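Thanks for coming, everyone. Please have the sequence and the model open on your screens. I'll walk through it piece by piece.

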Amino acid sequence: MTLPPTAPPSGGSLDPTDWAELRAQGHRMLDDMFDYLAGLRERPVWQPAPADVRAGFSAPLPRQPSSLEAAHGRFMRDILPYAVGNAHPGFMGWVHGGGTAVGMLAETLAAGLNANLGGRNQIPIEVERQITRWMRELFGFPEAASGLFVTGTSMANLVGVLVARAAALGQPVRRTGVAGQTRSTARLVAYTSACAHTCIAQAMDITGLGTDALRLIPVDRDFRMDPAALRAAIAADRQAGFQPFLIAGTAGTVDVGAIDPLDVLADIAADEGMWFHVDGAFGALAMLAPALAPLLAGIERADSIAFDFHKWGQVPYDAGFILVRDGATHRAAFETSAAYLSRETRGLAADSPWPCDYGPDLSRGFRALKTWFTLTVYGADQLGAAIARTCDVARHLARRVADEPRLELLAPVALNIVCFRYRADDPHASDRLNTAIAQAVQESGIAAPSTTRVNGTLAIRAAIVNHRTAPADVDRLCDAVLRIGAELGAPVPEVQSTP
Ligand SMILES: *Cc1c(COP(=O)(O)O)cnc(C)c1O
């Protein structure tokens, strides 16, 4: 449709007066980021920021404008070199995705459009629904399943616990609060493995159920939740008058990448009439890799799945997601009514339900776009192959560790995470030595592992999440650990007393 032209700009807006100049500057900014991504291997993975660079960010609020070119120069000089470095193939700490240039471009488009995905009648929300449809398909969920982008799996797990809470206590809990409910009903208790991410406990805290109401079930030798112990704990709680309402299984624990026996957990949840939630922060997307998907058997029976596209999905931060089997139950946990959010059958206020009916966020960005671009441009199979390759690289590292007499593997490698240590001459010095080795490797810029504890022992931990990481990168990590370990672990020479 053609509309009459609007009046020419009368000044005062924040738009440039010279678009050609902005365009040229914008192209330089984009080029710098392409150069950054194309030249990652020539950079250190990470380097500590000098004190003066850090101090530069304590400047007072700027009252006067400065040029975009100057701000960009500052970014290149003082910000870009001192990020964590998770785009780099040598980054193996925590669970960080590497991102892609395609994702970066999509994020730029989303920022230009500046869509607010809280609701209303717009195709960007249809793009988010497309992701939900694709995830239903991937996880074998029914048509009635709902999905929602959130910041990350910490938030997705919180949404999962809130939906489970409303499912157990009914919608009135939203009015009375948990305190109002506990007078008339038994206290709700939830179950997760001793190796679960702490955000599950945090979700219990935030929802008012309390961390005391989360039972940490022991794990087997492979760090998987022990179903017999789970059944026993549920029985004991029922006996004591508690109301077991939620089992939170993990598909890929953060420490070692273990996968709980999801099928058995689904059976127990069904027998006990409980909600079955899966924290699949990185692991759930193993469904994209045909060789790995069978490891997740049972995930298709979950009531809700929390996971991140920004980890194994390679989508730039942030892009967490929650999928709920029964969309009506999901909506009942969040839906509110307000005159300024009323729904219509035509015009901008049509196309209900809206994403804001499924979670705590009203204003929300267009996270779906970078995810849609990533899935569309690469295709699910290629992303699945990248996921499978990270597991191959992890197995390569595990073999290297097994072959080096100085190194010791501390946990089985279920997926993409390798926990190992440098053997200290003095076993009591092991934790201290391996902490120091991990720090020195990080500071070397060669690789960036993190640390964790496995059965109480401090481990150097390499989580291969980035699609760029190749066997040669974990070889470099191994070589650096051996070299630095030999330097730091060498017995201190006896000090000769001077005559
Ligand atoms: C990373 C992770 C989380 C937290 O996810 P965020 O996206 O960082 O909020 C939760 N659980 C597991 C198993 C994780 O690996």
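Start with helix α12, which gives the most residues to the lining of the second largest cavity: three. Helices here are DSSP runs of H or I with at least four residues, strands are runs of E with at least two, and both are numbered from the N terminus. On a 1 Å grid over the protein atoms alone, a cavity is a set of points where a 1.4 Å probe fits but cannot get out; lining residues have an atom within 4 Å of a point. This cavity has a volume of about 40 Å³. Volume means the space filled by probe spheres set on the points, with grid points joined across faces, edges and corners. Its lining is Leu288, Phe309, Gly313, Val315, Thr371, Thr374, Leu375 and Leu383. By class, that is five nonpolar, three polar and no charged. For the classes, Ala, Val, Leu, Ile, Met, Phe, Trp, Tyr, Cys and Pro are nonpolar, Asp, Glu, Lys and Arg are charged, and the others, Gly among them, are polar.

A word on the source. This is a predicted model: local features need pLDDT of at least 70, side-chain atom pairs count only at pLDDT 80 or more, and totals for chains, interfaces and linings use all residues. Residues are numbered from 1 along each chain as its sequence is written, and side-chain values use heavy atoms, with hydrogens and water left out.

Stay on α12. Lysine 370 lies in this helix, which covers residues 367–378. Is lysine 370 buried or exposed? Lysine 370 is buried, because its relative accessible area is 2%. The cut-offs: buried is under 20%, exposed is over 50%, and partly exposed is in between, with a 1.4 Å probe and protein chains only.

What does the lysine 370 side chain reach at 3.0 Å? The backbone oxygen of aspartate 318. Now the wider set of contacts, meaning heavy atoms within 4.5 Å. Leaving out residues up to four places away in sequence, lysine 370 touches Gly103, Ala106, Glu107, Val315, Pro316, Tyr317, Asp318 and Ala319.

Aspartate 318 has something else to show. The peptide bond from tyrosine 317 to aspartate 318 is cis, with omega near -15°. Aspartate 318 sits in the loop between β6 (304–308) and β7 (320–324). Another cis bond runs from serine 352 to proline 353, with omega near 0°. Proline 353 is in the loop between α11 (327–332) and α12.

Most peptide bonds are trans, and most residues other than glycine have a negative phi. Take tryptophan 94: phi is near 45°, a positive value. Tryptophan 94 is in the loop between α3 and α4, and is partly exposed at 48% relative accessible area. Arginine 120 also has a positive phi, near 85°. Arginine 120 lies in the loop between α4 and α5, and is partly exposed at 27%.

Glutamine 122 is in the loop between α4 and α5 (123–139). A polar atom of the glutamine 122 side chain lies 3.0 Å from the backbone oxygen of glycine 119.

The whole structure has two cavities of 30 Å³ or more. The largest cavity holds about 100 Å³. Of its 13 lining residues, the closest to the centre are Tyr36, Arg43, Pro44, Val45 and Pro81.

Next, the largest pocket. A pocket is an open set of points with protein on both sides within 12 Å along at least five of seven lines. This one has about 810 Å³ of space. It is lined by 29 residues, and Met33, Tyr36, Leu37, Phe75 and Met104 lie nearest its centre. The elements giving two or more residues to that lining are α1 (19–38), α3 (68–79) and α4 (101–113). Which element gives the most? That is α1, with seven residues. The pocket lining has 16 nonpolar, 10 polar and three charged residues.

Last, the whole chain. The protein chain has 15 helices and 11 strands. Of its 499 residues, 47% count as buried. The radius of gyration, taken over C-alpha atoms, is compared with a globule rule of 2.2 Å times the number of residues to the power 0.38. A compact globule of 499 residues would be near 23 Å, and the chain has 25 Å, which agrees.

Methods. Polar contact = N/O pair within 3.5 Å; in protein donor to acceptor, adjacent residues only side chain to side chain.
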